[in-house]
Amino acid sequence: MTTTNSESTTPDQPPPRERRNFLAEGAAIVIGGIVGLFPVAVGLGVIFDPLLRPKKKGPGGKVIGGGFVRIASLDSLPENGQPQQFPVIADRLDAWNYFPDERIGSVFLRRVGENEVQAFNSVCPHLGCLVSYARGKNYFHCPCHNSAFQVDGEKIEIPGKINPSPRGLDSLEVDEKKLTQTGEIWVKFENFYTGKKEKVVK
Amino acid sequence: MMGNLLKWLDHRTGYQAVLSDALYENIPGGSRWRYITGSMLVFAFVTQAITGLILWAAYSASAQTAWESVFYIQHEMAFGWLLRGVHHYMAQSMIILLALHMLQIVVDGAYKPPREFNFWVGLVLMLLILGLALTGYLLPWDQKGFWATNVATNLASLTPVVGDQIQQVIVGGTQYGNHTLTRFFAVHAGLLPALVVGFLALHMAFFRRHGITAEPSPDRSDQYFWPQQVLKDAVGCFVLMIAVVGVVVYTHGAELTAPADASEPYAAARPEWYFLFLFQMLKKFDSEFIGAIVVPGVVMGFLFLMPLTGRVKIGHIVNVVVLLVLLGGAGYLTVEAWNADHFAERNVAPGEKDFAGNADAKSAYTDKYEASEGFLKAQKQAHADYERLVELIERKGIPKEGAVALQRNDPKTQGPKLFTRHCRSCHSHDDGSGEGIVAESNTAPNLHGMGSRAWLAGLLDPQKIKTDHYFGGTALMETDAGMMEFVTGDLANLDADGKDLLDKIIVAVSAEAKLPAQAKQDATAAADGALAAGRAAFEESFDSYACADCHKLGDIGELGDAPDLTGWGSHEWLRGMIANPNHERFYPDNNDRMPAFANNADPERNQLNDHELDMLVRWLRGED
Ligand code: FES
């Protein structure tokens, strides 16, 4: 350790390069690469967890989401076919939290016949805002980018007017058997990817 | 002594060379104000990093705590509003500075060779800063940030092939929740700042390598960076600081709206102003792919190519012109978006405008007006909801389920929604101010103020009972016997004694409701004997009938032809009435259309559950 006391100001001249040693170079690159990637690699599982574990289970292995949910009884729908909005109450799983009977979304229901009900998810198929029903004018309107839908959920297309939604409102399956037997409206509540021509379940 | 010390320090560290390198950089043509934007951006970024770190020390990223911790910073912590406000508005100033910085670089030709790389690094930095702005908007987990960011992440699924997967990885699942927050927070506070620091170091290294771009002009001599340019930079940063603090104090900090609720629509969802032009562009195309991917992609591509096309003179001119057009276009779209939302504020209602018979113009105008009206109303509602929540929190504190629970269990917030959903098809709840809820078809009484003396006096007014406000649309109207006959017969043309009798009855019956708003008057009436007098009057005949002939009131009269007025309008009475109007206490025979909302043995099947019924009734009665 004699250099510590030296007052020389410049570091020593670098030693001349060694002869190339491909084995050492290759090994250095590979091993260095591995340890370099290691920190990210161990985290990949967590980063991609939403894709690796898409169906998450609730307490007791209960499947959450996708099933039929009771929304309302048929009596609560007006006979004139005007849509009514209802909250959807079901179990919800949010990462580490489990919420039994929470509001997980909302649907529009409308009576279209004696024992027939149409159900739509309130989420706008354009980019996911919630549509509302303009009563006086009898159509659905989205406050975000002005998508508009007829009372039956079809996309309104008026030449010269822009309607950015790629498809009509997302209809939801209604359990017809339960409806005729009990007068209760059960709806298969699903969310769909927005911005696509086709309905793709989330 | 000092000199020796510094010499020693320099020998060990080499600081003097670094310092003189930094301070004695030559600026051809001397210092200029237009060069200050770069330093200001660094100042702004450092401010963001430090204020952000301190905010972090008070922030908690989860769906039950994010909004709550931000609320706490904003309203409780010492100068928390200042800290949060500075972080919020400094971020906005960075966007403006970015635009100015880029403009200066391009106009001065500082992007041309050999500085291509520095320009590209600058563009990357710009995208990183925009990313910080986007991710930061969600972190307070309020309605505004929630819905605006929701639109942004939904755009991710437009990416071809793996769009859905990308969206899921960003959102941390298919639905917004805890993991959306934790992910956004990690990106906002960790990943992006680290990348900014790295690219900023590169940016400055490249800048030092090639120096300032300036045309040396004969009438301006060169200067070193120190002290003239440093002074100008410092003044720029100082002005920025004052401006940001001024805005924060003026606005009392950044806005916070009600806590995020995925089941609660928020019609005023808009991105922050600097993204409004992108938002507006989405309204312009039938396919969001064009507005959100193609146009921004082409613009970014153009920007990245500028250093290459700028080599030739004409290319440079084109670059400058296009950049100005782009900035102007963004500005135009921003103003357009703002105008569209505020249209109704500055234009007359469609009904008051003359379209000279042009139906198309009228319908276009109406659409525009109504969309804007909806936005403004939602914005106003959002403010009111927030104010209400602040009040609730002051009174009750935030429960561990989060502030959303307070809102969902608040009669004042939920009452109007429940009324709209279940009652509005027939009933209004309208005080005539234009703010109330108006029935779709007025076939039942207006319930605003139901139970109060004024309401009851109106019902017993021969002129009013027949109007839509009371029994005008009901089956009770059609019966020429009963209440209608009594009010329009007995109560018409009352003499002074009769009026007195009626007033007494009104006081006594209305006191049954025990309305909080009337508590004082009721207490006085009880004390001075007016209640007792009213009860006695209940049994006294007018021309042909006494009230007690048909109605029961406590132990006076018998249950029979007409609703029991015992506890009329009280919590219990209203609950019972809504649950089952056909009950013998109410209208067993002449209820024409009101459904029983909670009369099922299986509570699951009721249209209103217990909790909802309770909130609705409390709201109707003005209980808190
Ligand atoms: S989200 Fe509904 S129109 Fe864009």
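**Entry 1: the sheet in chain A**

I looked up the three strands S5, S6 and S7 of chain A and found an open sheet in the order S5-S6-S7, with antiparallel pairing. Strand S5 (132-134) and strand S7 (148-150) are the edge strands, each pairing on one side only. From one strand to the next the twist averages 35 degrees. I note that the model is predicted.

I then checked how S5(A) meets strand S6 (residues 139-141) of chain A: the two pair in the antiparallel sense over three bridges. A:Tyr133 has A:Phe140 in S6(A) as its bridge partner.

B:Glu370 is partly exposed at 35% relative accessibility, and A:Lys137 is partly exposed at 34%.

**Entry 2: salt bridges within chain B**

I looked at B:Asp341 and B:Arg270, whose closest N and O atoms are 2.7 Å apart in a salt bridge. B:Asp341 lies in helix H13 (residues 313-346) and B:Arg270 in the loop between H10 and H11, so the pair ties together parts 71 residues apart in sequence. Both residues are buried.

B:Glu336 forms a salt bridge with B:Lys284, also listed at 2.7 Å. B:Glu336 lies in H13 and B:Lys284 in the loop between H11 and H12, so this pair ties together parts 52 residues apart in sequence. B:Lys284 is partly exposed, at 37%.

**Entry 3: a network**

Last, I found A:Arg92, A:Asp94, A:Glu102, B:Asp261 and B:Arg408 linked in a network of salt bridges.

Terms used. Residues are numbered from 1 along each chain as its sequence is written. Chains are lettered from A and ligands numbered from 1 in the order in which they are written. This is a predicted model: local features need pLDDT of at least 70, side-chain atom pairs count only at pLDDT 80 or more; totals for chains, interfaces and linings use all residues. Side-chain values use heavy atoms; hydrogens and water are left out. Two strands pair if DSSP finds at least two bridges between them. Helices (H or I, at least four residues) and strands (E, at least two) are DSSP runs, numbered from the N terminus. Axes are lines fitted to C-alpha atoms, for helices over the stretch in contact, and angles run from 0 to 180 degrees between N-to-C directions. Buried means under 20% relative accessible area, exposed over 50%, partly exposed in between (1.4 Å probe, protein chains only). A salt bridge is a side-chain nitrogen of Lys or Arg within 4 Å of a carboxyl oxygen of Asp or Glu.
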